[in-house]
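Here is a friendly walk through one protein model. Take a moment with the sequence and the structure before reading on.

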Amino acid sequence: MTNASPFARRTPASPTLPRGDVLGTYDSYPEAQKVVNTLAKADFPVKQISIVGNDLKTVERVTGRLTYARAALAGAASGAWFGLFIGLLLVLFSPEPNFSFILAAALIGAAFGLLFSVVTYAAGRRRRDFTTTHQVLASNYQLIIDPQLTGRARAVLAGERDSGASPSTPAPVSAEWPPPQAPADTDDAGRRPS
């Protein structure tokens with residue numbers, strides 16, 4: 001049996017989606033963030049708001065072709081940074097600081113980084129000859145709020161828009177969730193079948 005540290009943060013047993021009213025749905029995260037910032041500036045209890053990204057997608061953008069030269073350069077650069085860090089630690093904690101340690105450690109780190117990177121690239125060359133960046137993007141972002149605070153939040157946002165104090169506050173794309181559905185006895189255009 002283990003005892004939790006009194007200084008550790010308590011986390012929920014399992015992650016759950018927030019429940020409540022949808023204050024708004026926005027096309028981008030910065031738009032949703034601006035609305036939360038507006039509410040925070042009005043002393044609204046923003047701890048009761050969650051930003052939920054829907055329809056997550058992983059986007060991998062190809063940034064270029066990977067060659068031995070690029071692999072070697074990237075490895076040398078990262079190794080040099082690590083060596084520079086180690087060199088600084090040696091200088092800071094040595095009784096007689098010798099600043100040549102910094103240069104020596106950076107050069108040794110660059111050499112090991114270059115060697116490691118070239119060997120790694122050579123081992124997996126046929127599988128991946130390109131470099132990429134990864135992002136996780138959402139199709140839209142919803143602000144979920146405690147139902148008891150929905151009216152107050154809408155009043156704050158309406159007051160901000162009416163007063164013109166924050167014209168950059170975006171209007172929500174859709175404030176209804178789930179979206180309204182047509183009654184079963186009408187066709188797609190909303191007409192009753194004859």
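Is Y68 buried, exposed or partly exposed? With a relative accessibility of 40%, Y68 counts as partly exposed. Please keep in mind that this is a predicted model.

## Aromatic pairs

You will find 2 aromatic pairs in the structure. Y29 is partly exposed at 38% relative accessibility, while Y141 is buried at 14%.

Y68 and Y121 also form an edge-to-face pair, with 4.8 Å from centre to centre and 85° between the planes. Because Y68 sits in helix α2 and Y121 in helix α3, the pair links parts that are 53 residues apart in sequence. Y121 is buried, with a relative accessible area of 7%.

## The nonpolar core

The largest nonpolar core contains 16 residues, and L23, L39, F44, I49, L143 and I145 are those with the most contacts inside it. At least two core residues come from each of β1, α1, β5 and α4; α1 gives the most, with 4 residues.

For a look around L143, set aside its neighbours within four places in sequence: its contacts then include L23, V35, V36, I49 and I51.

## Two loop residues with positive phi

Most residues other than glycine have a negative phi. D43, in the loop between α1 and β2, has a positive phi near 55°, and D43 is exposed, with a relative accessible area of 64%. D55, in the loop between β2 and β3, also has a positive phi, about 55°.

Key: Residues numbered from 1 in each chain as written. Predicted model: local features only at pLDDT ≥ 70, side-chain atom pairs only at ≥ 80, totals over all residues. Heavy atoms only, no water. Core = buried A, V, L, I, M, F, W, Y, C linked by side-chain atoms within 4.5 Å. Buried < 20%, exposed > 50% of the residue type's maximum accessible area, 1.4 Å probe, protein only. Contact = heavy atoms within 4.5 Å. Phe/Tyr/Trp six-rings, centres within 6.5 Å; stacked < 30°, edge-to-face > 60°.
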